[in-house]
Amino acid sequence: MKMNSPLTRTIKNGWLKNKLTNHGSKGIGTATSPSGSPIARRNGYRILRKKLFTQDPKETNLIFMGHNKLQLPLAGKPKRKAHSAFHKTVQVYLALPATKYNCQICNLTWRTVTEISRHLLMKHKVKAPSFLCKKCRKTGKEYLSMTAHVTKCGKRICQAKQKVEQHKCNYCSKSFTSNRGLSIHCKKGHLQHFVKNKRIHRMCENKHTSRAKEEKTEKTQQKYNNLRRMSNDSTDPPDMAKQLLYRAAVERWETEKTHAQVSPLMNTRRAIRIALKRLMRVWKPKENLKKRACKTLTRRIKPKKSKKHEYWKMQQMYHRDRAGLAKLILEGEARDICPIPLTRLTTAFKEKWEKEDRFVSLGQFKSSCKAVNDIFASPISPEEVCKIRSKMKNKAATGLDGISKTCLMRGDPKGINLANLFTAILLNGYIPRALKKNRTTLLPKTQDKRKLSDTSQWRPITIGSTIQRLLSGVINDRLKEACEIHPRQRGFISSPGCAENLMLLRELIALSKRELKPLAVIFIDFAKAFDTVSHKHIKAVLQQRGVDKMIIDLISNSYEGRTTILKAKGSYSREIRLKMGVKQGDPLSPLLFNLAIDPLLCKLDKVGEGAIVDGIEITSLAFADDIVLLSNSWSGMRKNLKILEVFCELTGLTLNVMKCHGFFIDSMNRCLAINECPPWRLQQNDLHMIGSKEKEKYLGMEISPWLGIIEPNIQKMINIMLNNLTASLLKPSQKLELLRTYAVPKLTYMADNGMVTQTTLITTDRKIRMTIKKWFHLNHATTDGLLYTGCKSGGMGLVKLARVIPRIQVNRILGLCNSEDSCTRTMARKAHRPSEFRKIWKMGMGKGGETTIQGASDIRTPYWNTPKIHSDWRINELDKWKKMKTQGEGIEVFENDKISNSWLRHPTLSNFSERDYILALKLRTNTYPMKAILARGRMAKNKGTKCRLCGYIKKTTKHVLGSCIGTRPNRMQRHNKICALLAKAARQLGWETLTEHHLKMDNGKTLVPDLIMMKDTRAIVADVTICYETNQYSLRKAYEVKVKKYAPLELPIKERWPGIKDVRIHGFPLGTRGKWPSLNWRLLEELDMDKSKRRKFASLLSKRSLLYTIDILKWFSKN
């Protein structure tokens, strides 16, 4: 609105200041106009009510105004509350600046412009109020422009006066407010002086430009080197990385700004919020209305509880939550829905997360290592973003924004925009609020139905935005390099932490028994450690380590204002603020918790009393919050417990004393005694002492004071798993996938750390083989190579425990014996004797493998210098399969061929039904139930094995699929389908195709190739043939036969089509069992097909050839 508006003129005339509130003597129905005359009721109009002007506008900051026609029309009799809605002629102005707005009509006070605007719209029907500046009385309708004006209003006059004094003309008495105005004045009024000064200025500028640039470059480089030197000095405050980071970001932005939409140099929080909002608007997926309708339809339909319904439910769960289904079937544990009411859950978790912070200080607890901040001085690169993104699961849960990994891959495939956004966030130390909103799901800690009514038995998993988790992953990798973790902390690191801690504990117990040394062990359990660790605790640890201030500010800001909502029974709670704890589900949380526990481990090493082995003292073993305290005496353990209690009092962490257990091994009269001592006290409670016949679970293994790590009952576990899988309503291939992906890895972990014997492993493998053959209806004589050979070589990819477990143990022992940690290295070399290692080595190498070990025969050479086992045991299984006379025929052609074996791993994705998949397995091993196969060793030679269709003397699979007269029409149909697929692909690439075109030769013969494809001046002749893969030369021979047969067609094609100058002849062989020969790549390359399309098309033809062959076998079985 212009300054010359009616409102401004009225304000200048003093009406607003003097006359607006002078209405007390005029009565209720009148008001005072700008001219002073009352406006009376006339012609069906009424005047605004009196209480609109009862307060001073300076106090209310809300001004109601109108021109001469201030009346409102009456529609019949006035209704109740008719004064709530204003007439369209009334204008409402909000004064700026203001801290509150008071509505004179409703007697309500509002703090913000948004609230008063919503009130005026809902109650008084005022759509768009205007704004008034209190200083200069300027008005406007846009809030942002008026707020910008108000912040600068009142300063312009002083600035203008200063500028007038600064820009005076040297040739006259005039002065100007800007340098531009002075330059224009000199150019027009003093032209001669202007040209002369301009010429002198150019000469001086050309003279000093190069020198100024050199000086600027030298100063910049010197400043950069000083910053680099200061950042490496630990005595200086660790906040120099921000300056180095900014300089490096500027250099990168100058070279990459043409490829990015987001700048890493954003210096305001508002700019970061706008950039993030723009990216999220593009990346956020749009919900498919059809899918949503299907979801609502499936919710309404309640099918009957039958076997078919259970099968449908299993299939749905297999595709949506495969891990949950595996846990339900293998262990009988289902992911139950929380039965606790949502209000009760909200109250319980609100008390936990919003309670008062009890952190005092770290006191004398200090970390031993300082941080190396050089890693933070470089901007976040797209390679870092892509590396972390590739580690995320494709079907990982999304946050409240609904953005998944697929959305990020589609929207920013190279990670440039995300890298620039993360660099700007790192420079500003600010994470937008949109990335701080989370959702929390609850997982049960136990399967006891009676305990699930307690909120403490549910583990909260907080899921944030995928963008925020990606940023946390990048910061986690950098912080992990900058901060060294205590060597006894083995949780959430890239090393065999569980195996290392279990080995140390097993060896300490064995050493105590062997050398009759006392040993005290206590298993510590923190109560909700991840949920109760203080944010101040984390910040204090980072400051104590000397982490750069930029990273500390970013981590502190990431926990400020963070909220989450609980999900239970399909409904969500209100927002809960996360004032305590770290999120279980965030990549950065495990590292922050390890850093928070690090001062305790350092204090125990420095002051506590631990178990001493060969001069090395071990006071604790830690795996995240699972801590084991160790000591060589009862009093020493009591001292360690006091250190733990002080640490918990200072940091606010709590201990679950009821779940803390321990034992004490002591020697009395050269005999071992267990727990012959009073129990230790922790937080004024007696600890439970584990007896000799009791056991405690640690890292998935059972620990006994007398036996150490108890050998798990693998046979009982596999029997339960196999029986549950057999009874489940799943397809055979799905059962195999669950066994291969979830059951076998669990058995591998238990057998490896439990040191299970070779006999037990062989028995377990036999049970698995027999069960799988029953699932797929395979003959019991089917070779084991089909099960154990890798999927890329034509097998099912099953793990043979008797070969894998010893190899894992050998490599693990060698890794621990050569560990960088001196304690682990010493204990591992002492725990494993050369004779034991030689025995495990022989089991890992198997029959026919190397039986001699470097250092096994020579005492002076230690066994830990032996190289690790890297040979693939699956190759041995494949060699055994290839040596078989019948089942191994032609198997060598499928070795290391991903195209021909692409259907083996996931048959459902390859459009194979279960019946087709089973028949394909039998076809691969030549065990399809033909008479010649079934009669082996049971009948006299050539008796009862004739083909019933053609009378051939031996009915085999090779005969039916290759030379039987009865199946010839089916084979021709298979051939024509493959030709049609090849012709369709050529037409899509722009080739003109002719199918079975007759071409007459000079000698009178006529040749009919399957396909003639022409494009521009090129022509390609291709003839398809499908033959049985007897050996690796059969398909090559078929290719050469076709090329030799159709080679004379080059001249007739050029004569028939004069524009053709280049003619290529190709055979196109395919295997009946799905073999794709490498010779066919030439044809696809000459068709100008892309590399990715070539692979997809080759896989399609391989699968179709196999499926069409199975159709022939089905037809033969019926007829």
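Which residue forms a salt bridge with E331? The partner is K746, and the closest N and O atoms of the two are 2.9 Å apart. A salt bridge here is a side-chain nitrogen of Lys or Arg within 4 Å of a carboxyl oxygen of Asp or Glu. The model is a predicted one, in which local features need pLDDT of at least 70 and side-chain atom pairs count only at pLDDT 80 or more, while totals for chains, interfaces and linings use all residues. Residues are numbered from 1 along each chain as its sequence is written, and side-chain values use heavy atoms, with hydrogens and water left out.

E331 sits in the loop between helix 13 (322-330) and helix 14 (342-353), and K746 belongs to helix 26 (residues 732-753), so this pair ties together parts that are 415 residues apart in sequence. Helices (H or I, at least four residues) and strands (E, at least two) are DSSP runs, numbered from the N terminus. E331 is partly exposed at a relative accessible area of 38%, and K746 is partly exposed at 32%. Buried means under 20% relative accessible area, exposed means over 50%, and partly exposed lies in between, with a 1.4 Å probe and protein chains only.

By the salt-bridge rule the count comes to 32. Another of these pairs is K1042 with D1023, whose closest N and O atoms are 2.7 Å apart. The pair links distant parts of the chain: K1042 is in helix 37 (residues 1034-1046) and D1023 is in strand 33 (residues 1018-1027), 19 residues apart. Both K1042 and D1023 are buried. D1062 pairs with R1064 at 3.4 Å between the closest N and O atoms; here D1062 is partly exposed, with a relative accessible area of 28%, and R1064 is partly exposed at 38%. Salt bridges that share partners also join R488, R490, E500 and D821 into one network.

The nonpolar cores come next. A nonpolar core is a set of buried Ala, Val, Leu, Ile, Met, Phe, Trp, Tyr and Cys residues joined through side-chain atoms within 4.5 Å. The largest has 104 residues, and L739, I772 and F776 have the most contacts inside it. Helix 29 (residues 801-817) gives the most to this core, with 9 residues. L739 touches L722, L725, V744, I768, I772, W775 and L798, leaving aside residues up to four places away in sequence; contact means heavy atoms within 4.5 Å. Apart from this core lies another, of 90 residues, including L276, F530, I538 and I555. In soluble globular proteins, nonpolar side chains tend to be buried together.

Some features belong to the backbone. L96 and P97 are joined by a cis peptide bond, with omega about -5°, and P97 is in the loop between strand 4 (91-96) and strand 5 (101-103). N675, in the loop between strand 22 (672-674) and strand 23 (681-682), has a phi near 60°, a positive value in a residue other than glycine. N675 counts as buried at 18% relative accessibility. E996 has a positive phi near 50° and lies in the loop between strand 29 (992-995) and strand 30 (999-1000). E996 is partly exposed, at 41%.

From the record, an unreviewed UniProt entry lists residues 101-129 and 167-190 as "domain: C2H2-type". UniProt positions follow the numbering used here, feature names are shortened, and annotations may be inferred rather than shown by experiment. In the model, residues 101-129 are 41% helix and 21% strand, with the end C-alpha atoms 13 Å apart. Residues 167-190 are 46% helix and 17% strand, and their end C-alpha atoms lie 15 Å apart.
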